[in-house]
Amino acid sequence: MSTRYKHTQIGYFLATVYSIVVLFLGYLNIMANFHPLTLIGLIIVLIVLGTFSRLTVTVDDQVIRIHFGLKIIRKTFPLKEIETFRVVKNPWYYGWGIRFTPRGWLFNVSGFSAIELRMKNGKLYRIGTDEPDNFAAALDETLNKES
């Protein structure tokens, strides 16, 4: 299997917010003499920071693979199950992270651009990207080569 597209998008805004929270919780932790609750909060925020600060998308001959930061959360979309795709803009209120929207599941770390996948079973998914044209071109090339 050859990789046709691979891109990692960094969510700078979320990373900055989470980093500020980490610093604040670290300060609280020191001031509270490493109280277990502040330490647990710090660990949770560090895991969230590591997970939701970046999204990597890979397209090869058979699947689209996505994973967030630490690869704890990942999903695969077999190309043979994709009916159509298109470049879309998400409204601001769809937000970032993983969430269910009126247009299906959204996987996003930053910005509003995405690729919407319509699967043959009717399900919709949106994968956020700061390179919608490159992602779409790779999908188009791969899907047309498959036909």
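Predicted model: local features only at pLDDT ≥ 70, side-chain atom pairs only at ≥ 80, totals over all residues.

Reader: Which strand does T56 lie in?
Author: T56 lies in strand β2. Strands are DSSP runs of E, at least two residues, and helices are runs of H or I, at least four, numbered from the N terminus.

Reader: What does the T56 side chain make a polar contact with?
Author: The side chain of T8, at 2.7 Å. A polar contact is a pair of N or O atoms within 3.5 Å; within protein, one must be able to donate a hydrogen and the other to accept it, and residues adjacent in sequence count only if both atoms are side-chain atoms.

Reader: Which residues does T56 touch, beyond four places in sequence?
Author: K6, H7, T8, R65, I66 and H67. Contact means heavy atoms within 4.5 Å.

Reader: Zoom out. How many helices and strands?
Author: Three helices and nine strands. Along the sequence the pattern reads β-α-α-β-β-β-β-β-β-β-β-α.

Reader: What box do the C-alpha atoms fill?
Author: Roughly 65 × 35 × 25 Å along the principal axes. Of the 147 residues, 43% count as buried. For contacts between residues at least 6 apart in sequence, 53% join residues at least 24 apart.

Reader: Now the core. Which residues have the most contacts inside the largest nonpolar one?
Author: I64, F77, L117, I127 and F135, in a core of 23 residues. A nonpolar core is a set of buried Ala, Val, Leu, Ile, Met, Phe, Trp, Tyr and Cys residues joined through side-chain atoms within 4.5 Å.

Reader: Which elements give two or more residues to that core?
Author: β2 (54-60), β3 (63-68), β8 (113-119), β9 (124-128) and α3 (132-146). Helix α3 gives the largest share, five residues.

Reader: Where's the other core, and what's in it?
Author: It lies apart from the largest one and has six residues, among them A15, L25, L42 and V45.

Reader: What is I64 in contact with, skipping neighbours within four places?
Author: The list includes V57, V59, F77, L79, I82, L117, I127, F135 and L139.

Reader: Switching to T51. Which helix?
Author: Helix α2, residues 36-52. T51 is buried, with a relative accessible area of 3%. The T51 side chain reaches the backbone oxygen of I47 at 2.8 Å. Not counting residues up to four places away in sequence, T51 touches F68, G69, L70, I72 and I73.

Reader: What is phi for K71?
Author: Positive, about 65°, although K71 is not a glycine. Most residues other than glycine have a negative phi.

Reader: Next, G11. Buried or exposed?
Author: Buried, at 0% relative accessibility. G11 lies in the loop between β1 (3-10) and α1 (12-31). Beyond four places in sequence, G11 touches S53, V109 and S110.

Reader: And T3, buried or exposed?
Author: Exposed, at 52% relative accessibility. T3 is found in strand β1.

Reader: Last one. How far is R86 from H35 in space?
Author: 50 Å, C-alpha to C-alpha, and 51 residues apart in sequence. R86 is found in strand β5 (residues 82-89) and counts as partly exposed, at 43% relative accessibility. Leaving out residues up to four places away, R86 touches R103, A114, I115, E116 and R126.

Conventions
Residues numbered from 1 in each chain as written. Heavy atoms only, no water. Buried < 20%, exposed > 50% of the residue type's maximum accessible area, 1.4 Å probe, protein only.
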